[in-house]
Amino acid sequence: MEPELLYRLRFLSDLTPGPEGLPLFVLTEIQEGTPPRYRSRLALWDGALRFLTQEEARKPRYAHPYVYFLRKVEERPELFRLDLRGGEAERLTHTGGVLDYFLGPEGEVAYLALKEEAAKDLPRVYETWPFKFDGRGLLPGSGVGLYLLGQEGPLLERHPHPKEALFAPEGLYLVMAEDKPAQAEGRDTLFLLKEGRLERVYGGLGPIQGLTWSPEGLFFLGHAFERGGGTEARLYHLKGGEARVLFEGSLLNSLNSDLRYGAHFQGPFWGEDGVYLVRTEGGKARLYRVDLEGRAEALTEGESVLGFAKTEKGLFLLREGFAQPARLEGPLGVFDPNAGVLSLKEPVCTVWKSPEGHEVEGWVLLPEGEGPHPVILYIHGGPHTAFGAAPMLELQLFGAAGYAVAFCNPRGSTGYGQAFALLEGEWGKRDEEDLLGFLDHVLAHFSLDQGRVGVAGGSYGGYMVNWLTARHPERFRAAVTDRSICNWLSFFGASDIGPRFTWLELFAKPWERPEVLWEKSPLGYVHQVRTPTLVVHSEKDHRCPIDQGETWYTALFHLGVKTRFLRVPEEGHELSRSGRPDRRVARLRAYLDWWRENL
């Protein structure tokens, strides 16, 4: 198995109800060329695959007799409509770029769009925060309007602008921050736009998303950061001005995977017999139905649910597992776009019980042949995500190259309850104890070479690679730190989530308890590192900015530690999951080369 296998894979996304109750979705494949590119097309499944478009399309929604979707025109997303009775796709908008759109029950179409394309070569003025976002770059400032298709002028023009909208009989519900401070702190408010007037309905405490309407009231997801960054989500039922909590936990699919592409709807969705949504628990993402009394029933077992669509023909699911990228399952059969192309191995599940009494679930992916095998401790991002029944091509490639891979869900991970998800400022303590405890456990119970132990991870996982190699310099023989954090003081101002994330995770600010930020910065311990380290970072990463990788590499180089810097142009934080295909392959190849040289 080689990294170039990526070019042969196909990805399912954007599953939604289509015409006649059929599943409508986006199928993405990789086109050969210089460079290779993703090709995403709209398709239906009726027992056979039927393409609706040949050109690029994403974010489809069906409203008889049309399929609406977004397509780039000169690199700007615009709204299109395809009449299923015949004819070509019709372009509906001419904007600086459509950010999102929303369909009403009577054929209404609202959309959020830039008033004009932002000039890339002129200075920009900001009076708000955030002013940039990973994957989008510099934000447009105040130049976003909410429009109604067919109506002159904006329906609403304000800053902060809406993030989400939902048509209802009583008006148009909007999610947006009430003012600039609320936007900076991530506090959303639910408004009702009716006859040109805004009415405040609920919120101002924390994030709100996933609006869905029913005759029984409004449903949405949210929380108020009560437990810091590890606060788990809640399903709210809003009726008569009162918001009740129906269900809570690690809502939606928070499992790590590098074999997905596009968006995946995971609820909430009102299905007349209850609210449907996905919840992550114990390394699996399960579909639940929740009634109005808060009684929840799990509808799936086994593999994870990545997306779903409930239609008059039944329930259609995108299912994934450790060895299975997303396939479509439902009453019309199964469509596996990678059948006969991909053969992945199942890892062995193992659990470490800590001295404190909590359990850390993890897995070991074993290569072929007799041991003892060199082993790589691989750390997930987040920290409030998880490993589980979702495919990681990266780890499979390591296994195929002869390395065992040990990966687990230490404290801070999702899917094991609210208490487990909390780190409460103790980055580098609770998680370190669990990661090293799990590593000792697998070294004792599997045929692994204790003298050939590597460590790797991205984002939060990259932070932990830096932390562990600095704090335990003799423990690891080789390391790869990817899109990492090494200095919280610079991360605070340079990251697109810096101030909010730093406060919610470490409960500190540079002007309040700066010693905490330095104490938790691996850079303060970098002089202790002895482990040969590959540093991987993307130049347009606004989540963990490039200065973090630059600083770590520069420090290692000047300390005389063997190091190499893979610096990737034009990519952001999502390089490993949705970056340009040849750059993804180059990154995977760099990992394998580093292990061969040093592990």
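Trainee: Let's start with β10: how many bridges join it to strand β13 (residues 144-148)?
Mentor: Strands are DSSP runs of E with at least two residues, helices are DSSP runs of H or I with at least four, and both are numbered from the N terminus. Two strands pair if DSSP finds at least two bridges between them. Here β10 and β13 run antiparallel, with L114 standing opposite V144. The number of bridges joining the two strands is five.

Trainee: What kind of model are we looking at?
Mentor: Residues are numbered from 1 along each chain as its sequence is written, and side-chain values use heavy atoms, with hydrogens and water left out. Local features need pLDDT of at least 70, side-chain atom pairs count only at pLDDT 80 or more, totals for chains, interfaces and linings use all residues, and the model itself is predicted.

Trainee: Which residue of β10 is the bridge partner of Y101?
Mentor: Strand β9 (residues 98-103) pairs with β10 in the antiparallel sense, over five bridges. Their hairpin has five residues between the strands, and G107 there takes a positive phi near 90°. Across the pairing, the partner of Y101 is Y111.

Trainee: Are the six residues of β10 buried or exposed?
Mentor: Buried means under 20% relative accessible area, exposed means over 50%, and partly exposed lies in between (1.4 Å probe, protein chains only). One side of β10 carries V109, Y111 and A113, while A110, L112 and L114 are on the other, and both faces are covered. By that cut-off, six of the six residues are buried.

Trainee: Now a helix: how far does α5 (residues 460-471) reach from its first C-alpha to its last?
Mentor: Eleven of the twelve residues of α5 are buried, so this helix is largely enclosed by the rest of the structure. Among them are Y460, W467 and A470. The expected span is 1.5 Å times one less than the number of residues. The reach of α5 is close to that expected value, at 16 Å.

Trainee: Which kind of aromatic pair do W427 and F501 form?
Mentor: Rings of Phe, Tyr and Trp (its six-membered ring) pair if their centres lie within 6.5 Å; planes under 30 degrees apart count as stacked, over 60 as edge-to-face and the rest as tilted. This rule gives 37 aromatic pairs. With centres 5.9 Å apart and planes at 85°, W427 and F501 are edge-to-face.

Trainee: How many residues apart in sequence are the parts this pair ties together?
Mentor: W427 counts as buried because its relative accessibility is 0%, and F501 counts as buried because its value is 15%. W427 lies in the loop between α3 (418-421) and α4 (430-445) while F501 is in helix α7, so the pair ties together parts whose separation in residues is 74.

Trainee: What is the angle between the planes of W488 and F491?
Mentor: Both residues lie in helix α6, three residues apart, about one turn of the helix. W488 is buried at 0% relative accessible area. The two rings form an edge-to-face pair, 5.3 Å centre to centre, and the angle between their planes is 80°.

Trainee: Last one: over which ring does the charged end of K562 sit?
Mentor: A charge sits over a ring if NZ of Lys or CZ of Arg is within 6 Å of the ring centre and within 35 degrees of the ring normal. R41 lies over the face of F51, at 3.7 Å from the ring centre. For K562, the charged end is 5.5 Å from the centre of the ring of W594.
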